[in-house]
Amino acid sequence: MLNAKSGSVGMLRGFLGRVDALGPSFRALLLSDTLTLSAGMVGHVALAWWIAQQGGGADLALYAAIVAIGALVFLPLLSPFGDRYCKRSVMTVGLAGMVVVAIGLAALVQSGTYNLPLIIGLDLVGAAAGSLFAPASASIVAEMLSADKLTAGLGLQKSGQALGRLIGPTLGGGVLAFSGTASALWLYVLLLIAAYALTLRIPKNPVSRTNAGASAWLADIRAGLAAKWHIKVERWWTLVTFLFAIFLLPCIGMLLPMKVQSLHLSGAWLGLCEASLSAGMLLGALGLSARLADRVGRFAIYTAAIVGMGLCFAAVGASHYPPVLLASFAICGLCISTTQLVGQTHRMLAIPPSFRARMTSVHIMVMQVAASIGPALGGIGLARLGVDRVYILFGGAVLVTGIGYVIAPGYRAFIGLSHDGVTGYYGRTYPKLFEPR
């Protein structure tokens with residue numbers, strides 16, 4: 001036990017030391033990211049639980065689908081903000097909008113008024129604010145750090161995000177169980193305000209372009225989409241991600257509260273399941289995923305992670321024993337962290353800096369499309385088959401669609417590049433796609 005404690009303390013000290021080495025501005029970004037994701041998880045747990053209790057699976061599916069469609073519309077329209085204007089300013093505006101929405105949702109629940117159209121309307125405004133925040137937040141690290149520190153910075157950002165996903169469900173589930181939904185949503189508000197304050201400590205980055213006419217704005221959007229489409233690895237990867245996420249997202253989203261309620265468990269168990277998922281992600285981000293990738297190779301570990309996710313979701317559907325749920329989501333979290341380390345970090349490094357916000361927004365947009373289709377399929381399945389069979393079927397679908405990553409043209413060679421070799425790879429390989437317009 002002492003050795004385990006010493007190892008944990010050593011890992012924490014090493015993590016904090018790596019953060020300090022990248023400077024106070026990066027530390028502020030990391031804390032802001034952690035609090036923003038913690039807030040998002042608290043809000044997600046509380047709101048999903050409230051809708052599931054008040055309106056059931058049908059309302060939950062409708063809510064998730066409409067908000068996802070709204071985000072799909074907002075992301076491409078708002079993504080050029082992150083490349084045209086100071087990313088810190090874009091992030092603070094987005095966070096301010098999210099705070100206003102969170103206050104509205106908390107006040108609605110506090111009053112005891114369940115009004116699904118109003119809830120959806122508020123969250124659509126939140127989706128617009130999030131569409132400003134997310135691409136800028138995902139790409140700002142590349143402008144804060146030098147090239148030799150970028151890989152370390154991206155890895156630490158993933159660790160902070162995983163920590164936020166761990167803290168959020170734990171806080172949300174605990175407050176939900178002991179104080180109710182309204183208290184959990186007011187906690188959501190406070191965490192977002194703290195994240196906003198930390199974001200103000202990030203220095204403003206230089207603005208490279210200020211021509212924001214309609215034609216130039218549309219040209220920026222078209223350029224980002226064109227780059228995503230004409231790069232073969234990106235095109236295939238995006239298509240497979242779309243199909244894969246249709247089944248992945250409901251398994252870690254709308255189906256989970258239905259599964260917990262089907263076992264007659266309290267809201268605290270929902271928070272524990274979310275926390276287990278996040279703990280697995282954090283464990284991977286703190287170094288386990290990197291060690292596994294170094295030991296067996298990026299291609300092999302990516303394939304194993306895809307298989308692991310499918311099997312974990314099938315186990316969730318087949319089991320009625322709560323500890324099995326916790327173990328399955330923890331393993332699934334490690335698998336998700338591994339795919340992010342191997343795939344998303346490589347792609348971020350490959351994209352030229354002036355295109356990162358737009359191309360990141362395309363990826364987020366694809367996930368939002370999947371997030372609108374997945375709940376609809378999940379809702380149909382819940383009505384006809386029940387939550388257990390839907391989990392088993394979706395787990396199988398995750399396995400089948402995930403094979404697309406393995407057979408993607410050029411994927412194996414791309415994923416085999418070192419971090420130095422992949423930095424700026426798309427710009428060198430497809431220079432015409434990234435010429436200034």
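Student: In which helix is Thr34 found?
Tutor: This is a predicted model. In it, Thr34 belongs to helix α2, which covers residues 24-78.

Student: Is Thr34 buried or exposed?
Tutor: Thr34 has a relative accessibility of 10%. Buried means under 20%, so Thr34 counts as buried.

Student: Which residues does Thr34 touch, not counting those up to four places away in sequence?
Tutor: Thr34 touches Gly160, Leu163, Gly164 and Ile167.

Student: Let us change topic. Where is the place of Ala128?
Tutor: Ala128 lies in helix α5, residues 116-139.

Student: What is in contact with Ala128, leaving aside neighbours within four places in sequence?
Tutor: Phe74 and Leu78 are in contact with Ala128.

Student: And how many residues apart are Ala128 and Gly70 in sequence?
Tutor: They are separated by 58 residues in sequence, while the C-alpha to C-alpha distance between Ala128 and Gly70 is 7.7 Å.

Student: Staying with α5, at what angle do α4 and α5 pack?
Tutor: Helix α4, residues 87-110, packs with α5 at an angle of about 155°, and their axes are 8 Å apart. Angles over 145 degrees count as roughly antiparallel, and α4 and α5 are therefore roughly antiparallel to each other.

Student: What classes of residue make up the contact of α4 with α5?
Tutor: That contact has 16 nonpolar, 7 polar and 2 charged residues.

Student: What is the hand of the crossing where α4 passes α5?
Tutor: The crossing of α4 and α5 is left-handed.

Student: Next, α12. Where does this helix bend?
Tutor: Helix α12 runs over residues 267-296 and bends by about 70° at Ala285.

Student: Which residue follows α12?
Tutor: Gly297 follows α12, and the phi of Gly297 is positive, near 100°.

Student: How do the axes of α12 and α13 cross?
Tutor: The axes of α12 and helix α13, residues 298-318, cross at roughly 125° and come within 7 Å. The two helices, α12 and α13, are therefore oblique to each other.

Student: Which residues meet there?
Tutor: From α12, Leu292, Ala293 and Val296 meet Arg298, Ala300 and Ile301 of α13. By class, the contact of α12 with α13 comprises 5 nonpolar, no polar and 1 charged residues.

Methods: Residues are numbered from 1 along each chain as its sequence is written. This is a predicted model: local features need pLDDT of at least 70, side-chain atom pairs count only at pLDDT 80 or more; totals for chains, interfaces and linings use all residues. Side-chain values use heavy atoms; hydrogens and water are left out. The bend at a residue is the angle between axes fitted to the seven residues ending there and the seven starting there. Helices (H or I, at least four residues) and strands (E, at least two) are DSSP runs, numbered from the N terminus. Axes are lines fitted to C-alpha atoms, for helices over the stretch in contact, and angles run from 0 to 180 degrees between N-to-C directions. Angles under 35 degrees count as roughly parallel, over 145 as roughly antiparallel, 65 to 115 as roughly perpendicular and the rest as oblique. Contact means heavy atoms within 4.5 Å. Ala, Val, Leu, Ile, Met, Phe, Trp, Tyr, Cys and Pro count as nonpolar, Asp, Glu, Lys and Arg as charged, and the others, Gly among them, as polar. A crossing is left-handed if the near helix is turned anticlockwise from the far one by less than a right angle, and right-handed if clockwise. Buried means under 20% relative accessible area, exposed over 50%, partly exposed in between (1.4 Å probe, protein chains only).
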